[in-house]
Amino acid sequence: MLPGGPDCLSGLGAADLEPKLDEDRAGDDSGEPKLPPGTVQQLYEEHAGELRRFLLGVLRDSEAVADAMQAALVKAIEQGHTARDESRKAWLFRVAYHEALAIRRREATGARVLETSVWHVERLGQESALRESAAESAARREEAEAVRDALARLPAELQAVVRLRIHENLTFAEIAARLEIPLGTALTRMRTALAKLKTALGEHRP
Amino acid sequence: MNLSRDELDLDWLAFCYAAGELDATQAATFEALLATSQEARERLAAVVALSQHVADVPLAAPTVVQPARSGRHVYERLAWLSLGAALLLAAIWVGRNFVNDQGPALPAGTGSGDAELASAWAESFDAPSEAIPEEDASGESHADASSSAADTSTEELLNVPDWMFAALGGDEVGDEAMPDETNGDRDEPTSDSVDGAMQEG
């Protein structure tokens, strides 16, 4: 774990980044101007939530996610100026992804991580609620409401597969055995349910 | 799980990756895609968000279309059946022991009260043949010694006071045989006196 622990990101803001950026400017050998603090702060605020969810999908551990985000933010401060403006988000995600893989290698958790479902590790909503802004929290609540409504409108057989896969964390093979349906049917039902839920969520978003 | 053409759908692939349903090779393939494709990264983030939303939704009543029977339900049914069979066997065993404690086995439909009645009936049925004394030529009864000795109550019943015989036989019995009711004394008759009185009568 990086110095400062996972909670060091919770109160991170432009004021925290500025001294670091000043030091980097003073010691930059390449001569290129680094990203201004406001730009780094904006980058973080715009993409932190999505980046956190992406990293949780890769790492499935909230503390490791925080470590990866902190390392990516440091890289953004140090090297963010090398990315083009239009691809700065992709650059941030790519850097964070490499940091995540480095953490997985270091902690040798790769195989175990890949056998664990992301929602089984912890509830992202509860974990991230401490770090997201009020606007993010409100947006997440609205999304959750939309998903709840969409889930209630699903046919019973699709709801059954969703519940068994996500709430009871059964594998598709176990679901097929439980419901006495072919594995392909279980997969198709889950896929159909996901498509419907995603459509409902997309319709909800502006 | 093989990666068919349909499974190349990024959303589905991302979901299977997040669900831990991909094997090592498939996961490595998807992670290689994550290293180069921002779209794949964003799809993974979206799938994680969606699945977390779903996981946060409390499903109060399961709307599952239940199969005819599931493995767990079969075990539960077997457990209940076993318990019921054990209780039934225990009840039968207890019932049999209770009947054995009550006495010998009786014909079906015979209760304990009936058994006592049958026993009493059998004794009373056998009693006359033992009670009837055999008479020889002298006219004296020679009842079975064991039965006369054992049946002391019958002897006592036969201890009739002399004064009673005297009353029945008139003055043949002397006044001395009358009990002195004034002083409460009472002569206890002997069997010889009884026999003698009977012979005299």
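User: In which helix does Leu73(A) lie?

Analyst: In this predicted model, Leu73(A) belongs to helix 3 of chain A, which covers residues 62-79.

User: Why does Leu73(A) count as buried?

Analyst: Its relative accessibility is 7%. Buried means under 20%, and Leu73(A) therefore counts as buried. The C-alpha atom of Leu73(A) is separated by 8.2 Å from that of Ala96(A), a residue 23 positions away along the chain.

User: Which residues make the contact between helix 2 of chain A and helix 3 of chain A?

Analyst: The two axes come within 9 Å and cross at roughly 140 degrees, in a right-handed crossing. Helix 2 of chain A contributes residues including Tyr44(A), Leu51(A), Arg52(A) and Leu55(A), while Leu73(A) is among those from helix 3 of chain A, together with Ala68(A), Met69(A) and Ile77(A). By class, 13 residues of this contact are nonpolar, one is polar and one is charged.

User: What are the elements of chain A as a whole?

Analyst: Chain A has eleven helices and zero strands. Of its 206 residues, 49% are buried. Among contacts in chain A with a separation of 6 or more, 66% join residues 24 or more positions apart.

User: What makes the pair Lys89(A) and Glu50(A) a salt bridge?

Analyst: The closest N and O atoms of this pair are 2.9 Å apart. The rule asks for a Lys or Arg side-chain nitrogen within 4 Å of an Asp or Glu carboxyl oxygen, so the pair qualifies. The two residues are 39 positions apart, with Lys89(A) in helix 4 (residues 88-107) and Glu50(A) in helix 2 (residues 37-59), and the pair thus links distant parts of chain A. The count over all chains comes to twelve salt bridges.

User: Why is Glu42(B) called partly exposed?

Analyst: The relative accessible area of Glu42(B) is 28%. Buried requires under 20% and exposed requires over 50%; Glu42(B) falls in between and is therefore partly exposed.

User: Are Arg104(A) and Glu31(B) buried or exposed?

Analyst: Both residues are buried. They form a salt bridge whose closest N and O atoms are 2.8 Å apart, and this pair runs from helix 4 of chain A to helix 2 (residues 24-36) of chain B.

User: Which residues of helix 1 of chain B meet helix 3 of chain B?

Analyst: Leu10(B), Asp11(B), Ala14(B), Phe15(B), Tyr17(B) and Ala18(B) meet residues of helix 3 of chain B that include Glu39(B), Arg43(B) and Leu44(B).

Note on methods. Residues numbered from 1 in each chain as written. Chains lettered and ligands numbered in written order. Predicted model: local features only at pLDDT ≥ 70, side-chain atom pairs only at ≥ 80, totals over all residues. Heavy atoms only, no water. Helix = DSSP H or I, 4+ residues; strand = E, 2+ residues; numbered from the N terminus. Buried < 20%, exposed > 50% of the residue type's maximum accessible area, 1.4 Å probe, protein only. Contact = heavy atoms within 4.5 Å. Axes fitted to C-alpha atoms, helices over the stretch in contact; angles between N-to-C directions. Left-handed = near helix turned anticlockwise from the far one by under 90°. Nonpolar A, V, L, I, M, F, W, Y, C, P; charged D, E, K, R; others polar.
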